[in-house]
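I opened my notebook for a look through this one, with a few things to check. Here is what I am working from.

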Amino acid sequence: MRSQHLTHALLASLLWCAAVFAFAGSQFVKYESAGNALRDAGTQIAMTRLRDRIQVEMDKGAALPEIEKVERMLIEFAAQDADVLSAFVFDARTGRILYGTAAAQTGSAVPEKWVEKCAGSRLPFVDPDEGKETVGLPLINAFSEREGCLAAEYKTAQTEQMREKMISTTLRFSVRTAVVGVLAWILIFLSGDLKGRFALNSGAARASAVVVGVLILAFCAKIGVTALSGSFENDLRPMIAAKAGIVAKNVRAQIERAVKNGVPFQSVNGLESVLNAVREQNKEIEFILVTDKNGRVLYESGEAAKAFDADRRTGRISLRDGYYNAAESVNDADGAAGWVQIGVNERFARETAF
């Protein structure tokens with residue numbers, strides 16, 4: 001009888017371990033995809049903003065090789081992101097680099113595959129390499145012709161570190177949960193052996209052990225899933241913070257462009273529609289606030305109240321656990337005019353995964 005119990009315990013343990021590893025693996029894939037999506041979206045937002053600045057000059061009728069401002073734009077772009085190794089613009093026909101952040105780049109030719117990728121679509125292309133990846137966007141002139149391509153080389157060390165942390169988290173969760181589950185199953189299927197020790201009939205012993213085992217498994221699963229998702233969220237925080245900062249800079253640039261063209265900071269028509277569109281495209285963003293320099297809200301999108309707690313005694317406002325806030329100052333002709341506040345729900349990946 002004992003050997004039969006051992007066989008059942010072994011079979012149940014194997015099935016439990018398979019289920020645990022399959023579940024943990026599926027959650028790893030979902031969170032890794034969320035992290036990659038954050039990185040890709042942040043890169044695309046930053047690259048698109050730079051591309052649009054260059055396009056403004058091209059729309060005036062200037063040929064790409066004649067726009068001297070491009071080199072300064074590239075230098076400013078690279079300076080704002082520590083992960084950018086280099087940024088450059090190359091000719092769509094010859095592949096010759098016209099402008100670059102490194103003097104040695106100018107005049108050299110890019111790989112032929114980049115020329116082909118830039119010519120093949122108006123969408124961004126990505127070319128991965130060891131320790132880095134190149135992202136490119138086509139540049140279209142005022143006559144709707146593909147004249148060049150904007151490209152930037154990004155370090156991928158942060159992404160690789162995130163993936164290694166998540167793999168480690170997945171393995172720790174799987175091993176610990178599997179061990180606890182195996183012990184619980186052994187208790188359940190060997191419960192008939194409690195009969196002699198506690199003067200219980202085998203049915204009572206088995207029922208007691210089943211209840212205890214199921215409770216252990218349920219508690220283990222609940223605590224484990226919460227710990228797993230919390231660990232994954234910690235691993236994703238650098239990606240979330242980086243993207244939130246990029247979005248905040250992008251919104252600030254749009255506001256400052258309007259202000260530079262003579263629109264008063266406190267009367268930017270249609271700005272809330274723009275903010276709503278930004279939130280719609282970036283599901284992790286809980287709210288966007290544009291305030292004056294005294295903190296008074298001028299424009300708002302989303303529900304900021306959900307992300308803040310107010311101390312009833314002091315009135316002090318603080319972010320709730322699970323939220324991240326990125327802020328960028330907005331300047332007008334007189335200097336600092338206000339702030340862009342981006343509130344991000346760090347649990348958006350958990351809410352998607354579970």
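Predicted model: local features only at pLDDT ≥ 70, side-chain atom pairs only at ≥ 80, totals over all residues.

Entry: I then asked where Glu-130 is found. Glu-130 lies in the loop between strand 3 (125–129) and strand 4 (132–140). Its relative accessible area is 76%, so I wrote Glu-130 down as exposed.

**Entry: Ile-140.** Next I went to strand 4, where Ile-140 has its place. Is Ile-140 buried or exposed? I have Ile-140 as buried, because its relative accessible area is 12% and the cut-off for buried is under 20%. I also checked Ile-54, which is 86 residues from Ile-140 along the chain; their C-alpha atoms are separated by 9.7 Å.

**Entry: strand 11.** I finished with strand 11 (residues 335–345), and I counted eight of its eleven residues as buried, so it is mostly covered. Which way does strand 10 (residues 323–332) pair with strand 11? The two are antiparallel, with ten bridges, and a hairpin of two residues joins strand 10 to strand 11. I noted Asp-332 opposite Gly-335 of strand 11. Strand 6 (residues 285–292) also runs antiparallel to strand 11, joined by seven bridges. Here I saw Thr-291 standing opposite Trp-339 of strand 11.

Key
Residues numbered from 1 in each chain as written. Heavy atoms only, no water. Buried < 20%, exposed > 50% of the residue type's maximum accessible area, 1.4 Å probe, protein only. Helix = DSSP H or I, 4+ residues; strand = E, 2+ residues; numbered from the N terminus. Pairing = 2+ DSSP bridges.
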